[in-house]
Amino acid sequence: SKSGSLIESFDPDNLEPVGLDDGMALMALHSAHEVLILFKRDAMFALYGRTPQSWEIRLISPAIGCVSHRSVVTVEGVTYWWSEQGPMAWAGSGVPVPLGQPAILAEVSAEVVNFSHLDKIGAAPDYEHQRLLFAVPEVGASRLTRILPYNYRLGAWESTGWRRMPDFACLATIDDKSSVPRVFGGGYAGHVFQLWDTDADGVPSGTTSGTFATGVGVTTATTITDAT
């Protein structure tokens with residue numbers, strides 16, 4: 001109804017109000033754990049049941065919601081997403097678990113992450129390396145300038161942040177030409193980058209050489225290509 005449409009124009013039997021009086025918009029819908037997860041900005045619900053006659057909306061958390069639908073991913077029976085409290089995990093029962101505490105608490109705070117652009121945060125699973133990648137905008141940036149890698153198999157963060165990558169507009173896990181799922185990133189200039197494809201780094205078509213930083217004050221010449 002934010003666009004001005006009248007809720008009264010719908011058949012009341014076809015409506016499923018979700019926290020009708022909390023004033024929060026729905027941020028994401030995600031099917032996992034045999035339920036439909038309903039994310040609001042600061043709350044989380046789930047739709048249980050298989051038919052309209054048996055549907056039941058239950059409150060999962062009154063204080064933890066989702067800030068970006070692009071961040072919601074389910075891997076090996078656990079759903080991950082980004083909330084105003086940072087990255088979260090939910091295995092289908094109980095309450096959501098904060099992943100950033102205490103290991104990378106500072107890195108998910110407003111001192112590092114630009115809270116004005118939380119809705120742009122994206123995530124994608126890297127099945128080959130058993131990690132989940134969160135791409136976030138750092139303070140002072142409106143683009144996704146930092147990647148936080150979480151090893152979902154070990155339940156541990158691999159780094160407090162990777163910054164030597166292109167600014168991603170989005171992330172997605174897509175089958176490559178060998179039908180192997182790989183993580184790809186969409187750039188802001190229309191390029192598509194494949195992560196961990198030797199040294200392919202996503203550059204304008206026709207560019208075949210360049211340099212990249214390998215450490216403080218150290219550069220190495222290499223051949224770089226895009227994922228076309």
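Strands here are DSSP runs of E at least two residues long, and helices are runs of H or I at least four residues long. Counted that way, the chain has 0 helices and 17 strands. Keep in mind that this is a predicted model.

Let's start with the whole chain. Of its 228 residues, 39% are buried. The chain exposes about 12500 Å², with carbon and sulfur atoms supplying 52% of that. Looking at contacts with a separation of 6 or more, 38% are between residues 24 or more positions apart.

Now for one of the sheets. It's an open one, with 4 strands in the order β1-β2-β3-β4 and antiparallel pairing. β1 (26-32) and β4 (56-61) sit at the edges, each pairing on one side only. From one strand to the next, the twist averages 25 degrees. Inside the sheet, β2 (residues 35-40) and β3 (residues 44-48) are joined antiparallel over 4 bridges, and Leu-36 has Leu-47 in β3 as its bridge partner.

Next, the inside. Nonpolar side chains tend to be buried together in soluble globular proteins. The largest nonpolar core in this chain has 21 residues, and Tyr-80, Trp-82, Leu-132, Phe-134, Leu-148 and Trp-157 touch the most other members.

| Strand | Residues |
|---|---|
| β5 | 73-75 |
| β6 | 78-83 |
| β10 | 131-136 |
| β11 | 146-151 |

Leaving aside residues up to four places away in sequence, Leu-132 touches several residues, including Val-73, Tyr-80, Leu-148 and Tyr-150.

Key. Residues are numbered from 1 along each chain as its sequence is written. This is a predicted model: local features need pLDDT of at least 70, side-chain atom pairs count only at pLDDT 80 or more; totals for chains, interfaces and linings use all residues. Side-chain values use heavy atoms; hydrogens and water are left out. A nonpolar core is a set of buried Ala, Val, Leu, Ile, Met, Phe, Trp, Tyr and Cys residues joined through side-chain atoms within 4.5 Å. Buried means under 20% relative accessible area, exposed over 50%, partly exposed in between (1.4 Å probe, protein chains only). Contact means heavy atoms within 4.5 Å. Accessible areas come from the Shrake-Rupley method with a 1.4 Å probe; for residues, only the protein chains shown count as cover. Two strands pair if DSSP finds at least two bridges between them. Axes are lines fitted to C-alpha atoms, for helices over the stretch in contact, and angles run from 0 to 180 degrees between N-to-C directions.
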